[in-house]
Amino acid sequence: MTTYKMSRLLAVVGIASGTALAGLLSLSPIALADGPQQIALTAADLSFTPNSIQMVVGQPVQLTITNLGQLDHDVKSDIPISQLTYVQADNDPQEQVDNAAQGVLDVDFDKGDTSTVTFVPTTAGTYSFQCDQPGHADAGMKGTFVVTDGASGSQGLTADNGDAAASS
Ligand SMILES: [Cu+2]
């Protein structure tokens, strides 16, 4: 590539970056210093996308689940968490209170609904999540939360996450 073409390319990239910056600040799925890690999960009949989700111990998570299926679904996991808050979900109000008090991740989302919760993962490890409706997990509605240690984890996480490198 010639120097001329390179500098022209850089100019174009610079313009694109500048105009896209405001959008990136509000829409980026990458964790920002000021807010929780945004995780979007899509439920269908009978699957979750993605079915592997990475988190960091101590870093708040906002999990938003959109149900694109024709059936009611839920997400349940034994992932150790604290500060569970239901922003929007189809669980009974009392169940939300109980789950929040006990740190039980169990989020219901009926057909056509989107549910959102926030929480903080407390313990590194790999934890399965699944839909609790009869037969759904066996049919494929399951996945894993991979929680890594945050103390020295930012380097390791960046190495595994191409998106993070692209934002620097
Ligand atoms: Cu289901």
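Leu41 has Ile65, in strand S4, as its bridge partner. Strands here are DSSP runs of E with at least two residues, and helices are runs of H or I with at least four, both numbered from the N terminus. S4 pairs with S1 in the parallel sense, over seven bridges. Two strands count as paired if DSSP finds at least two bridges between them. S4 is also joined to S8, by six bridges, and these two run antiparallel. Thr64 stands opposite Thr116 of S8. Strands of a sheet pair through backbone hydrogen bonds, either parallel or antiparallel.

This is a predicted model, in which local features need pLDDT of at least 70, side-chain atom pairs count only at pLDDT 80 or more, and totals for chains, interfaces and linings use all residues. Residues are numbered from 1 along each chain as its sequence is written.

Val61, Leu63, Ile65 and Asn67 form the covered face. Gln62, Thr64 and Thr66 form the uncovered one. Cover rests on burial: a residue is buried if 20 or more other C-beta atoms lie within 10 Å of its own, exposed if 12 or fewer, and partly exposed in between, with C-beta atoms placed from the backbone.

Next comes the core. The largest nonpolar core has 24 residues. Such a core is a set of buried Ala, Val, Leu, Ile, Met, Phe, Trp, Tyr and Cys residues joined through C-beta atoms within 7 Å. Met55, Ile65, Val107, Val117 and Phe145 have the most contacts inside this core. At least two of its residues come from each of S1 (37-44), S3 (52-56), S4 (61-67), S6 (81-88), S7 (105-109), S8 (114-121) and S10 (142-148). What does Met55 contact, leaving aside neighbours within four places in sequence? Its partners are Gln37, Val61, Pro121, Phe145 and Val147. A contact means that two C-beta atoms, placed from the backbone, lie within 7 Å.

Now follow an open sheet of five strands. Its order is S3-S10-S9-S5-S7, and the pairing is mixed. S3 and S7 are the edge strands, each pairing on one side only. S9 (residues 125-130) runs antiparallel to S10, joined by six bridges. Phe129 stands opposite Gly143 in S10.

Ser128 also lies in S9. Ser128 is partly exposed because 13 other C-beta atoms lie within 10 Å. Beyond residues up to four places away in sequence, Ser128 touches Ser77, Lys142 and Thr144. Ser52 is 76 residues from Ser128 along the chain, yet their C-alpha atoms are separated by 9.1 Å.

Leu46 sits in a loop, between S1 and S2 (47-49). Is Leu46 buried or partly exposed? Leu46 is partly exposed, because 18 other C-beta atoms lie within 10 Å. Not counting residues up to four places away in sequence, Leu46 touches His136, Ala139, Gly140 and Met141. Leu71 is 25 residues from Leu46 in sequence, and 9.0 Å away from C-alpha to C-alpha.

Helix H2 (residues 93-102) is hardly covered. Among its 10 residues, one is buried. Just after H2, Gly103 takes a positive phi of about 70°.

Finally, the whole chain. It has five helices and 10 strands. Of its 168 residues, 21% count as buried. Among contacts with a separation of 6 or more, 70% join residues 24 or more positions apart.
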